[in-house]
Amino acid sequence: MTWFEKLAIVVFMVLFMECFAWAAHRYVMHGWGWGWHKSHHEDHDGWFEKNDLYAIVFAIVPIVLFVVGLWWEPLWWAALGITVYGGIYAFVHDMLVHQRGGFRWVPKQGYFKRLLQAHRLHHAVEGKDGTVSHGFLFARKPSVLKAQLRANADPQRRAVRPDKAGNLVSADAKK
Ligand SMILES: [Zn+2]
Ligand SMILES: [Zn+2]
C-alpha cells in the first residue's frame, strides 16, 4: 500500500467514526442504552462512570481489526483510524469538556471553544430526552443549539406538527 492509501483510510475512518459516534449517542445511548449513559448525565463521586463501559465495548472492535489486519493490511490502518478517533474523543470529550485527569484549559475562541459550548449544551438537559448536539467533532453554533433546546423544552411546539396538507395538528389530537 502507498502512504496515500494508508492516510486516506485513516482520515476516512476518523470521519466515519464521528458519524458512528453521533448515531450511537443519539439513538443507542439516549435510547435503549440509556442505562449505562445515564451515569454520564448525573453528578457522581469517584472517577469512573458506568458510561465508561461503552469505551471498553467500542475498543473491542479496533483490537480485533488490528489482529485481523496482520493478514490484510487495510484493516490494520482502519483500526488505526478508529484508535486516532478514540484519542481525539478522549481529549475533547473527557479532558477538555469534562476536565478529567485534572486537565484545565478553557479555550476562549475558535473551534475548541465551539466544541466545548456545544457539548455543555448537550448536558444542559438532565434526562434522556430533549438533548441536543450528539456529535463531538462537528458541532453546530451555540445559538442554533440553544434554539433547539428551547423547542425541545416546549411541549406545545413539540406536539404540534404540520400534517400532509400543511395544517398544524396536535399530536394528541390524532390519538
Ligand atoms: Zn448524552
Ligand atoms: Zn459529556
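User: What percentage of the 175 residues in the protein is buried?

Analyst: Buried residues come to 16%. To be buried, a residue needs 20 or more other C-beta atoms within 10 Å of its own; 12 or fewer makes it exposed, anything in between partly exposed, with C-beta atoms placed from the backbone. Keep in mind that this is a predicted model, where local features need pLDDT of at least 70, side-chain atom pairs count only at pLDDT 80 or more, and totals for chains, interfaces and linings use all residues. Residues are numbered from 1 along each chain as its sequence is written, while chains are lettered from A and ligands numbered from 1 in the order in which they are written.

User: Why is P142 called partly exposed?

Analyst: P142 has 16 C-beta neighbours inside 10 Å, so it counts as partly exposed. It sits in helix α6 (residues 142–153); helices here are DSSP runs of H or I with at least four residues, strands are E runs of at least two, and both are numbered from the N terminus.

User: What is P142 in contact with, leaving aside neighbours within four places in sequence?

Analyst: Q117, A118 and L121. Contact means that the C-beta atoms, placed from the backbone, lie within 7 Å. L115 is 27 residues from P142 in sequence, with 9.2 Å between their C-alpha atoms.

User: What makes α1 oblique to α4?

Analyst: The axes of α1 (residues 3–32) and α4 (residues 73–97) cross at roughly 50° and come within 8 Å. That angle is why α1 is oblique to α4: under 35 degrees would be roughly parallel, over 145 roughly antiparallel, 65 to 115 roughly perpendicular, and the rest is oblique. The axes are lines fitted to C-alpha atoms, for helices over the stretch in contact, with angles from 0 to 180 degrees between N-to-C directions. The crossing is right-handed, meaning the near helix is turned clockwise from the far one by less than a right angle.

User: Which residues of α1 and α4 meet?

Analyst: On α1 they include F12, M13 and M17, and on α4 they include W77, Y85 and Y89. By class, this contact has 15 nonpolar, one polar and one charged residues.

User: How many helices and strands are there in the protein?

Analyst: Eight helices and two strands, running α-α-α-α-α-α-α-β-β-α from the N terminus.

User: Which residues does UniProt list as "transmembrane region"?

Analyst: The unreviewed entry lists 6–24, 53–72 and 78–97. In the model, residues 6–24 are 100% helix, and residues 53–72 are 80% helix with end C-alpha atoms 29 Å apart.

Conventions: Contact = placed C-beta atoms within 7 Å. Nonpolar A, V, L, I, M, F, W, Y, C, P; charged D, E, K, R; others polar. UniProt positions renumbered as here; feature names shortened; annotations may be inferred.
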